[in-house]
Amino acid sequence: MFDRLFKLNDNDTTIRRETIAGITTFITMVYIVFVNPAMLAEAGMDQGAAFVATCIAAAIGCFIMGLWANYPLALAPGMGLNAFFTYGVVLGMGYSWQAALGAVFMSGCIFLFLSLFKVREWIIDAIPLVLKRAIATGIGAFLALIALKNAGIIVASPATLVQLGDITAPGPLLAIFSFFVIAALLYRDMKSGVLISILLVTAIALGLDLVEYQGVMSLPPSIAPTFMQLDFAAAFEISMLTVVFAFLFVDLFDTSGTLVAVTQKAGLADEQGKMPRLGRALSADSTATIAGSMLGTSTTTSYIESVSGVSVGGRTGLTAVVVGICFLLMMFFAPLAAMIPAYATAGAILYVAVLMMQNLKLVNWDDMTDAIPVSVVLLMTPLTFSIAHGIALGFISYTAVKLVCGKKDEISVSVWILTALFIIKFAFLS
């Protein structure tokens with residue numbers, strides 16, 4: 001049965017190897033069940049319900065990816081997208097979390113449409129590579145700001161907007177400790193370094209009576225507070241256009257990049273570098289996003305941590321199915337998740353930020369028409385506290401600088417259209 005479902009023999013793998021690969025991937029990405037609910041709770045959502053929604057959405061995505069697309073690719077609510085959900089859409093723009101879930105649902109539907117009708121390839125090819133890298137680095141800077149803020153390392157200042165907090169306080173000290181523990185463990189190729197760091201800092205906080213012990217296991221909390229609480233009407237408002245586009249745009253390129261990285265590592269691409277069953281893989285991602293929005297969580301996307309499972313032999317969808325089962329079992333550890341303080345996850349968020357900002361090394365800084373839009377996105381995403389604004393200003397600056405420097409031939413039709421839409425948005429809808 002397993003061979004018929006996952007083509008184990010064709011991929012020269014075994015049930016045991018795929019199971020080990022799935023557990024390895026899960027260990028490297030399970031930190032999301034601690035980080036995501038805490039972040040969504042800041043948007044006003046019930047943390048217990050968001051925890052269950054995170055686990056179920058991840059499991060659904062993994063099952064679809066494994067059983068339908070047969071790729072060793074795991075999915076879960078994405079870092080960066082959850083930050084945009086909470087700090088950009090809800091706290092920044094003032095929308096309700098129900099409206100933000102509606103925007104996630106709408107972006108998932110559009111993504112599914114683009115995947116089914118193969119429009120995705122045209123969009124990705126039409127967007128300049130430098131803007132794709134700029135967006136990744138901008139999100140990285142945004143996550144870094146959030147991590148430092150949550151840890152209390154930087155605080156608000158009426159004179160200078162931000163300033164250094166009391167880094168001798170327990171919270172900031174433990175956050176800094178967490179980050180360096182992650183760095184040390186991952187440098188030594190301990191793939192569970194992020195999880196170990198979160199649990200270690202929580203244990204230290206318990207020992208210092210900084211958090212209250214609530215237990216480790218229990219029956220899963222009720223998902224009722226977030227289940228089917230989407231505000232569909234708000235998602236169709238003109239002012240939500242940028243929000244829906246930002247969710248869609250980031251998920252689109254995040255998924256595509258992850259698919260390329262994982263399939264190349266696993267040797268699953270053909271001689272031309274093309275990925276078989278690409279449409280199914282993309283549909284799995286978008287379907288999981290739609291399901292997750294109904295359950296009550298931000299955009300579900302593919303995880304680059306899947307490479308860790310591939311590196312120990314994962315080659316088929318059985319790896320993803322094992323990850324999905326682990327996420328379902330994780331629902332019984334809700335008390336542990338509720339006990340994790342914000343400074344325990346700050347190191348993990350900062351680590352993800354560092355990974356995303358590595359795209360800066362790929363930018364041609366000698367070409368000002370590339371360097372300027374990258375710098376605009378990198379600076380304006382955290383300073384406006386909005387991924388959507390960072391993307392919009394990046395497109396506008398890219399088009400403007402290429403135009404004034406006599407490189408209008410490098411501006412594609414899709415970039416002209418998107419730039420015009422962003423200008424209209426700032427002029428009439430802000």
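Guide: One term is needed before we start: helices are DSSP runs of H or I with at least four residues, and they are numbered from the N terminus. Please also note that this is a predicted model.

Visitor: Good. In which helix is the place of A183?

Guide: A183 lies in helix α9, which covers residues 170–187.

Visitor: Is A183 buried, partly exposed or exposed?

Guide: The relative accessible area of A183 is 39%. Buried means under 20% and exposed means over 50%, so A183 counts as partly exposed.

Visitor: And what separation is there between the C-alpha atoms of A183 and V119?

Guide: Those two C-alpha atoms are 39 Å apart, and the residues are 64 positions apart along the chain.

Visitor: What about D189, where is that found?

Guide: D189 belongs to the loop between α9 and α10, the latter being residues 193–207. With a relative accessible area of 55%, D189 is exposed. Its phi is positive, near 65°, although D189 is not a glycine.

Visitor: What is phi like at L161?

Guide: L161 is not a glycine, yet its phi is positive, about 70°. L161 is located in strand β3, residues 161–164. Its relative accessible area is 70%, so L161 is classed as exposed.

Visitor: Let us turn to the whole protein. How many helices and strands are there?

Guide: The protein has 20 helices and four strands. Its radius of gyration is 21 Å, close to the 22 Å given by the globule rule for 430 residues, so the protein is as compact as a globular protein of that length. The C-alpha trace spans about 60 × 60 × 45 Å along its principal axes.

Visitor: What share of the residues is buried?

Guide: Buried residues account for 56% of the 430. As for the accessible surface, it comes to about 17600 Å², and 67% of that belongs to carbon and sulfur atoms.

Visitor: Which residues have the most contacts inside the largest nonpolar core?

Guide: They are M79, F85, F327 and I391, in a core of 117 residues. Helix α8, residues 129–151, supplies the largest share of this core, namely 12 residues. In soluble globular proteins, nonpolar side chains tend to be buried together.

Visitor: Which residues does I391 touch?

Guide: Leaving out residues up to four places away in sequence, I391 touches I135, F245, A246, F249, V250 and F422. There is also a second, separate core of 17 residues, and L114, L259, L278 and A288 are among its members.

Visitor: Next, S286. Is S286 buried or exposed?

Guide: S286 has 0% relative accessibility, so it counts as buried. S286 sits in helix α13, residues 278–295. Apart from neighbours within four places in sequence, S286 is in contact with G108, F111, L112 and S115.

Visitor: One last topic, helix α4. How far does α4 reach from its first C-alpha to its last?

Guide: Helix α4, residues 47–69, reaches 32 Å, close to the 33 Å expected for its 23 residues at 1.5 Å a residue.

Visitor: What happens at the start of α4?

Guide: There, a side-chain oxygen of D46 comes to within 3.2 Å of the backbone nitrogen of G48. After α4 comes N70, which has a positive phi, near 55°.

Conventions
Residues numbered from 1 in each chain as written. Predicted model: local features only at pLDDT ≥ 70, side-chain atom pairs only at ≥ 80, totals over all residues. Heavy atoms only, no water. Helix = DSSP H or I, 4+ residues; strand = E, 2+ residues; numbered from the N terminus. Expected span 1.5 Å × (residues − 1). Polar contact = N/O pair within 3.5 Å; in protein donor to acceptor, adjacent residues only side chain to side chain. Core = buried A, V, L, I, M, F, W, Y, C linked by side-chain atoms within 4.5 Å. Buried < 20%, exposed > 50% of the residue type's maximum accessible area, 1.4 Å probe, protein only. Contact = heavy atoms within 4.5 Å. Rg over C-alpha atoms; globule rule 2.2 N^0.38 Å. Areas by Shrake-Rupley, 256 points an atom, 1.4 Å probe, with all protein chains shown as cover.
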